[in-house]
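This report describes a single protein model in short sections. Please look at the sequence and the structure below before reading on.

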Amino acid sequence: MVVTDLSMPGMSGFELATELQKLRPDIPILMTSGYVRPEDREAARQQGVRDLLLKPYTAAELGEALAQVFGRT
């Protein structure tokens, strides 16, 4: 499981997702961002990102997203 941000110095979350998928295609990726455009959601889906959480999020929201990723909801 990898939790990452969409915007990072040196590499975007999408670029990281691409590289992670090359190494471990089965690894679940959860991305967060303070600003999400509609096209970001589609790009995340195409990159294999399991969920895209909008900041700020609560611990309960993160827990729910993790439960969904691991098939517990």
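## Salt bridges

The side chains of Glu 39 and Arg 37 form a salt bridge with an N to O distance of 3.6 Å; a salt bridge here is a side-chain nitrogen of Lys or Arg within 4 Å of a carboxyl oxygen of Asp or Glu. Arg 37 also meets the side chain of Asp 40 in a salt bridge, at 2.8 Å, N to O. Glu 39 is partly exposed at 44% relative accessibility, and Arg 37 is partly exposed at 37%, whereas Asp 40 is buried at 4%. Buried means under 20% relative accessible area, exposed over 50%, and partly exposed in between (1.4 Å probe, protein chains only).

Another salt bridge joins the side chains of Arg 45 and Glu 42 at 2.5 Å, N to O. These residues are 3 apart in helix α2, so about one helical turn separates them. Arg 45 is exposed at 55%, and Glu 42 is partly exposed at 33%. By this rule the count is 6 salt bridges.

## Basis of the model

The model is predicted: local features need pLDDT of at least 70 and side-chain atom pairs pLDDT 80 or more, while totals for chains, interfaces and linings use all residues. Residues are numbered from 1 along each chain as its sequence is written, and side-chain values use heavy atoms, without hydrogens and water.

## Helix α1

Helix α1 spans residues 13-23, and its buried residues include Gly 13, Phe 14, Ala 17, Leu 20 and Gln 21. They lie on the same side of α1 because they cover an arc of only 120 degrees around the axis, taken from the directions from the helix axis to the C-beta atoms. On the other side of α1, Lys 22 and Leu 23 are exposed. Helices (H or I, at least four residues) and strands (E, at least two) are DSSP runs, numbered from the N terminus.

The cover over the buried residues of α1 includes β1 (2-5), β2 (29-33) and α2 (38-46).

Ser 33 is in strand β2 and is buried, with a relative accessible area of 4%. Leaving aside neighbours within four places in sequence, Ser 33 is in contact (heavy atoms within 4.5 Å) with Asp 5, Leu 6, Leu 53, Leu 54 and Lys 55.

The peptide bond from Lys 55 to Pro 56 is cis, with omega near -10 degrees. Most peptide bonds are trans. Pro 56 lies in the loop between β3 (51-54) and α3 (59-69).
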